[in-house]
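Hi there,

Here is the structure I promised to pass on to you. Please open it alongside this email, and then read on for what turned up.

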Amino acid sequence: MANSRLQITLFGEFGLAYAGQPAPTFSGERPIALLAYLLLHRHTAVSRQHLAFTLWPDSSDSQARANLRNLFYTLRQTLPDADSYLAADAMTLQWRSDADFTLDVAEFEAALASAKTAVTEQEKLACLETAVSLYKGDLLPGNYDDWIIPRREDLRHAYLDALHQLMRLLENTGDFRAAARYGQRLLQSDPLDEAAYVQLMRLHALSGDRAGVRRLYETCVATLRRELDVEPSPTTQAAYEQLLRQETPVAVPELEAKPALAQIRPLALPIPATAFIGREAELAHVAELLADPDCRLLTIIGPGGIGKTRLALQTAVGHRPVFADGVAWVALNGVQAPEQVAAVVAEALNYRLRGSGQPEAELFHLLADKTLLLVLDNFEHLLPAADFLTRLLRQTTAVKLLVTSRQPLDLQEEWRFDLGELPLPETLSEDVLAVNSAVQLFVQSARRVSTTFAPAEADFPIIVRICQQVGGMPLGIELAASWVRLLSCAEIAEEIEQSLDFLAVSLRNVPLRHRSLRAVFDHSWQMLAPDEQQILLRLSVFQGGFTREAAAQVAGAQLPQLSALVDRSLVQRTDAGRFSLHNVIRQYAAEKLQADPAAYADTTWRHGDYYLRWLLAQADQLRGAGQKEALTAVAADLGNIRTAWQWAAVETHYNLLSLAAFPLFYFFELRGLLAEGEALFAQAAEQLLSNKISATPEMQIAVCAMQSYQSYLGFRQGKMAMAETVLRQTIETLPSLAAPLLLSHALCYLGLIEWSLGRFVAAADCLQRSLDLAAAQQDDWGVGTAQVYLGMILHDQGRLDDARQQLTAVRPILKKVGDPRLMANALLISGRINLLLGYLAEAEEQLLACLETTRETADPNSMTYATHYLGMVKQAQGDLSAARQFIEQSIILFIDFNDLVGRERALVTLGYLEIACGNYQTAHDHFLTFLRAKERVHSIRYVLAAVVGTAVWQAHAGDPFTALVWTLSVLQHPGVDWETRQRAAALRPELEAALAPQQIAAAQQQAANQPFAVILAAAQVS
């Protein structure tokens, strides 16, 4: 290993040397396990929560995190010069990869990487010899943690593969003796590797040593019998016979990659509607290709309806135990543009993008070290996004892609798997028909549409004929079988014979995406009545399914017509009572619809108009007692709503955008989809402003609505400057446009920004104006919202009794409105007020009631703040362990839905908890993490609170003078809230008691003369 200050070995027995001398030994295996995890994940910061769960999967969350804190402390105490190598903050731990150290695993992997890029065989040989010389044994063989086993196996497999490569390279150079030495080393590590025996026998044969060939084969036979009770494979036996005859030496079979175990938890795979029939050979072939280390992008290619999706899903199910971080299913059929692929992949991974403007970079960072299979289904309409896949592969190390598409992606990295039709029976014998997958699929499909279907013996030859007519294509078989409710098998075959020119085409002069399935669809199309044809065309405009009412309004489909289309398997009915079109059928129908510009324009208008007006109809439920049901309904049709919204923006239907703006905004806020909501409203505003039509008052109102909701959602993500600027412009514009309710909303949002910036008087003024406008319009929801937030302002001004009375007085209107979010907000603020007044039991009761309310509607905002405040209640009750659990959980939740304002508050709260625990240095670390954060949103209230906390640490560190200067500066700041003022006021006499009168006077003068920015800069470097 290189001459570095710290030298670490993980292969074989653990070893640690510092400055050329053995380092202190670790007490037990657990510190070594933690050190190994950080080293093996050194290129990224590791979440404390994830690490705690990984190392103690059977412990409670709080116990696991406590174990991790203690173990990390032990590691820091034992590791020489630990701070040069270990980085830690409140959320993560990390090994500093740029530190001066060597790691045998890293050098091993670097040598293998160099071997792959070596220009000459001699260079490759040298790199491989370096790699195998570093491998002194398996990775920490005494550790049996779940996380290390797959990595150990991967490294062991890489080592064995390197030995195989060395044998081949040395054989090519004629150095059979050296090649044999590596072969013996290979068998010592894996005595059951038949490929190694064949390779070694080949080397002996090349040397003319027949006795050596015989001896090796006998060893192979004895070992396999003893260990596995099996004989050598036919391939090995044939190789032995060939080599004994001194014939041309046989080739050696390649090794297969050995998979790892699951680690992360993507969303659950889709549940197939039907059983998987046949395709055993294809399934095995796909698995074999995915096991090849060089195959990272595999595309299943075939015409629509051939069964690509079903094969991919079955592959995904079978590979869940194979990939350490799981299998993610990415359905692309509803994705409209290539730039949306990154967001859809993130959704499939159950990961919420932070709205940084660089979703692709964020996603690649997330996946950099993951061992994961991503299945991207239906990629053919997103071919411009193929370069995204190339970039993803280049910026990750162990992600594999399984793609289904009607045509190749034409990428250098792509491995193709062409999926053909189901095999047809060669004879009509009963045994053959019973196991033939095409016949089984027809019978199963027929029984789904007619449970009484029982084919007679005479039907089977006709079923085989039908399968032949549609070329063994699964969708063709299913569509044919769907007619058994109306026609006999013979009649179905006759209809196909008469109207489907399938066999004559022979699939040769038909484009790939149209082969045979177009013929099958054309046949189904011709069997529909004219009104059913038009309905099917118009149904193609839906995204992600539709309801009966939507089908009637958009496509003119009544229940009998829908039922007829369901019977023909052209429309599917889900368990939830909704309807959908198979994606391939939808595409077929959409082509026909788009071929008729008038019908297409009319249908898209109907679709957009229906869903935006339908969304408006959900507004009262969304902000009322029916919120839970409305959220479920909107979520079910979110694909349709997005499509309708984008259509209205592009076509500048500003009246429809205005109607739908609030319910869409409120849905995004209630679901915590802040970044997506902000982007949609920003795009709509940009579309309207860029349009050259005259700016009518109605259009200006629409623009103001887009910008108001964009601003609020941006504010929640910490974009203070943008939100304040845009809202002030909007508020200046709205009075002349006669839009009082929208002005009321904008004033409310500006009030929240003023509050966050510590401008309490201005905040109260905005909220009062918002309340007055809402009252004049008899908008109870707006009145209740403003009153709840006014109570919050009173609370932060220290008028706790007034705030309590305000929130008591608003209860009747909240009960009348019935909005769970409003009621949760009132409970939150009431709980906070009672906490500060010392009514701890009442505070806890209100916050638990808030949590119960939010669980009904899955409202992440209220749930997170309730969790946070419960931590503060537990701290006040003296239960510091429970307090830590609640507060740390709230930080995770704030980060999950990208509420940076809330995260700031929780970090400050956690700092004060550490002070209560006597952990002054840890508290200081939390305050500095917040104050130094690049993404800090400049919420002055929390900045002031953090400065007071830092002053506590400064005093504890022996500098009461500086602490007093900072405390006095906070007390005189106009943005200080009541709670922080109380803390500062309580701290002041303690500090003054430690100082002489002249020092106190000097501190007062310094605090009065120095700008707060200077104080803040000093606190940031403390």
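Below are my notes on the chain as a whole, its confidence, its spaces and a few residues.

Please keep in mind that this is a predicted model. Averaged over the chain, pLDDT comes to 84, and 92% of the residues are at 70 or more. Helix H27 (residues 597-617) has the highest confidence, with a mean of 95, while helix H21 (residues 502-505) has the lowest, with a mean of 28.

Now the overall picture. The chain has 1022 residues, and 54% of them count as buried. It contains 50 helices and 14 strands, and its C-alpha trace spans about 105 × 85 × 50 Å along the principal axes. Among contacts with a separation of 6 or more, 69% are between residues 24 or more positions apart. The exposed surface comes to about 43,500 Å², with carbon and sulfur atoms supplying 51% of it.

On to the spaces inside. There are nine cavities of 30 Å³ or more in the structure. The largest cavity holds about 400 Å³, and 23 residues line it. If you want to find its centre on screen, look for Trp755, Tyr789, Met792, Asn861 and Tyr865, which are the lining residues nearest to it. Several helices give two or more residues to this lining, including H33 (697-716), H35 (740-756), H37 (780-796) and H42 (860-876). Helix H40 gives the most, with five residues. By class, the lining of the largest cavity has 12 nonpolar, three polar and eight charged residues.

The second largest pocket is also worth a visit. Its space is about 870 Å³, and its lining is made up of 29 residues. Nearest its centre are Arg48, Arg76, Ala88, Thr922 and Asp925. Helix H3 (61-78), strand S5 (86-88) and helices H43 (880-896), H44 (900-916) and H45 (920-932) each provide at least two residues of this lining. Helix H44 also gives two or more residues to the lining of the largest cavity.

How many of the residues of helix H1 (residues 30-40) are buried? The count is 10 of the 11, so this helix is largely enclosed by the rest of the structure. Among the buried residues of H1 are Pro31, Tyr37 and the run of Leu38, Leu39 and Leu40.

And is Thr730 buried or exposed? This residue, which sits in helix H34 (residues 720-733), has a relative accessible area of 1%, so Thr730 is buried, given that the cut-off for buried is under 20%. Leaving aside residues up to four places away in sequence, Thr730 touches Cys704, Gln707 and Ser708.

Happy browsing, and do write back with any questions!

Best wishes

Methods
Residues numbered from 1 in each chain as written. Predicted model: local features only at pLDDT ≥ 70, side-chain atom pairs only at ≥ 80, totals over all residues. Heavy atoms only, no water. 1 Å grid on protein atoms, 1.4 Å probe; cavity = no way out; pocket = protein on both sides within 12 Å on 5 of 7 lines; lining within 4 Å. Points joined across faces, edges and corners; volume = space filled by probe spheres on them. Helix = DSSP H or I, 4+ residues; strand = E, 2+ residues; numbered from the N terminus. Buried < 20%, exposed > 50% of the residue type's maximum accessible area, 1.4 Å probe, protein only. Contact = heavy atoms within 4.5 Å. Areas by Shrake-Rupley, 256 points an atom, 1.4 Å probe, with all protein chains shown as cover. pLDDT = per-residue confidence, 0-100. Nonpolar A, V, L, I, M, F, W, Y, C, P; charged D, E, K, R; others polar.
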